[in-house]
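Hi,

Here is the structure I promised to pass on. Have a look at it first, and my notes follow just below.

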Amino acid sequence: MIVSPRAAGDEVHATEVKNDLSLAFGSGLNDMIFRAEIQSRIAAILPRVKQPAQYIGGELHAVAKDHRSVRGTLCLAFPDTYTIGMSHHGLQVLYSLMNARDDWACERAFTPWVDMEEELRTASLPLTSLETATPLAEFDVLGFSLQYEIGSVNILTMLDLGGVPLRGEHRTLDDPLVIAGGPCAQNPEPLAPFIDVFITGDGEPSLPLLCDTWLEIRDELKRSIAGRNGNASRAAREEALLEIARRMPVAYVPRFYECLPSPGGRPGGVVPLHPDARETIEPSVIRDLESIPLLVTPIVPNIETVHDRIAIEIMRGCPWQCRFCQSTVIKRPLRIRSVETIVNAALESYHNTGFSEISLLSLSSSDYPHFAELITRLKEVFTPLGVNLSIPSLRVNEQLRSIAELLGNRRRSALTLAPEVARDDMREQIRKKIKNDDLYEGCRKAFENNFTRVKLYFMCGLPGEREIDLDGIIEMAETISRIGKEARGRYAQVTASVSNFVPKAHTPYQWSAMRQREYFQWAQRHLRRVVKNRSVSIKCHDVETSLLEGVVSRGDRRVGDAIELAWRRGARLDSWSELFNGDRWWQALADCGIDTDRLLHEPYALGDRLPWDHMNVKKGRPFLEKEHARAVAQLAKMGGNVAGSMEPVVV
Ligand code: SF4
């Protein structure tokens, strides 16, 4: 059970803790003694929580600097548990980048599991960084990585336990700068009340620049208001944030903007409130990816995490433009690393970590221009060392036929592919240029080369989807299973993982409505009814979670009030199915007066202003409008033969 924070007002959990400790130690509390005391009190509660090792740090390549020897301190705060956060490559990259600087100390914090949260609250202890047991409130900058919409409440848990006022307007110059980036920052409005500055695009150039700029401005203002606090400190913080907005075209400071609901109360556009605030915010972009060194000393967790392996980013961006895909839009332009750089970094990482698997990261690895050469070189180097190679994002093209051979798999393993849809006209609609022949031949080669399982990713609820598209998913999965029988003498295990389509910001489908709850429920029942082959399993994403993902990814600032209300009512770690409670979210949204039906299920007109229009993307809105128009034309050709008795979705 969670011990809830107080029902209203600023949460000052950890600040109170520090005050308590100050009383215990006297007013001249020494930071080192303070942290040592916190560390020992946390150690005392660890025997009572699950996976205590996730809270102690001290892993290989973790960096703990003396704060007295640096100019600034940054805590990378991941709004999920340690096992999820430590598998996130971006966190490790930014951690290493900032710690490579002598003048900054970069540390980590993760959302505690509910048992640990309860223990911390009961013992009046703060959430601290893993490296030096520093309460989050003590850092100069607190940086959240926004990977998943449903994780929003975890940000509030971390702020509150860390002693940082939840809402930006309640913070003073003494509080950390709370910043956020990552895919969910593409529509920042729902989290705008809690975050001081959002950055989109590549974090490597913008994070250090933002951290330095904050220190410079804040310290100058601190000197100018010396001795005054309260209102003066809050006003000075406003001034500091405005100066960041003036100096950095990539920084979105939401307090200088307002959301204008469209007629009828649906989320509308966002406009500047201050003459110095820009109309649109640019994404941060690295032109030369090779100029940023690859990570070769990742932190090696002491406990099992989701991905225990070396991750090497071979390419950023994707040459394709599938209409549903937000990643390809926000990771533009396409940039690659050389084969030599990748192989050298992989070898160095192997020596530094001892991991027995290397994973090549990119949005679409088989589109890496020197793919065959890269795999051949990696196999030459790593096969003798017994290190396995994994390529999670294979695109289905003619190259797929040679990949299994190229990988020369000795272990029985799975091939993971994302056809997204099963029929050609629907592929044209979503603009995913793959052919079933390539897919089937690629799978046949994989079975001949010791692969035994195939995992397929599909989407359900796309604009114009028909019953035959759902049937196609099953046909495709069963065909692949049969190919397995032809190649290996027994039906192959095929898993079709079916997600519920959410029209995401900055995609050509951003004007589309999301399908209704009842449609997804019907489609999932239909898929399970149609499947005959017992070697084929269907895994459908939870409908409630997908709908909430839609609300948070498409909502405006009012959704932030509902996030806070859901959190105050006990919402915690909702991306974990055992903790997810959809009713609590829907009730909070209703109590905040948000019409989720209109927000989710009503399409926008092409000329409407959208809540994320002010966050610019490469190629911009004109490209999305053109693609949207093409999608509408293709949909008209496909006809209105939609699934079951459900309403068609108008794109
Ligand atoms: S190939 Fe994959 S990453 Fe590239 S645009 Fe299509 S879905 Fe997105």
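In E3, the residue that bridges to Ala77 is Phe144. Please keep in mind that this is a predicted model.

E1 and E3 (residues 141-145) run parallel and are joined by 4 bridges. E1 also pairs with strand E2 (residues 104-110), again in the parallel sense, over 7 bridges. On the E2 side, Ala77 stands opposite Ala109.

How many of the residues of strand E1 are buried? The count is 7 of the 7 in residues 72-78, so the strand is largely enclosed by the rest of the structure. Gly72, Leu74, Leu76 and Phe78 point one way, while Thr73, Cys75 and Ala77 point the other way, and both sets are buried.

Next, the ligand. Its surroundings consist of Cys318, Trp320, Gln321, Cys322, Cys325, Ser327, Thr328, Leu363, Ser364, Arg395 and Lys432. Sorted by class, this shell has 5 nonpolar, 4 polar and 2 charged residues.

Finally, the protein as a whole. Its secondary structure comes to 21 helices and 17 strands. The radius of gyration is 25 Å, which agrees with the value near 26 Å that a compact globule of 651 residues would have. Along the principal axes, the C-alpha atoms fill a box of roughly 75 × 65 × 45 Å. Of the 651 residues, 47% are buried. Among contacts with a separation of 6 or more, 78% are between residues 24 or more positions apart.

Happy to talk any of this through.

Best wishes

Methods. Residues are numbered from 1 along each chain as its sequence is written. This is a predicted model: local features need pLDDT of at least 70, side-chain atom pairs count only at pLDDT 80 or more; totals for chains, interfaces and linings use all residues. A residue is buried if 20 or more other C-beta atoms lie within 10 Å of its own, exposed if 12 or fewer, and partly exposed in between; C-beta atoms are placed from the backbone. Helices (H or I, at least four residues) and strands (E, at least two) are DSSP runs, numbered from the N terminus. Two strands pair if DSSP finds at least two bridges between them. A residue is near a molecule or strand if its C-beta atom, placed from the backbone, lies within 6 Å of it. Ala, Val, Leu, Ile, Met, Phe, Trp, Tyr, Cys and Pro count as nonpolar, Asp, Glu, Lys and Arg as charged, and the others, Gly among them, as polar. The radius of gyration is taken over C-alpha atoms; the globule rule is 2.2 Å times the number of residues to the power 0.38. Two residues are in contact if their C-beta atoms, placed from the backbone, lie within 7 Å.
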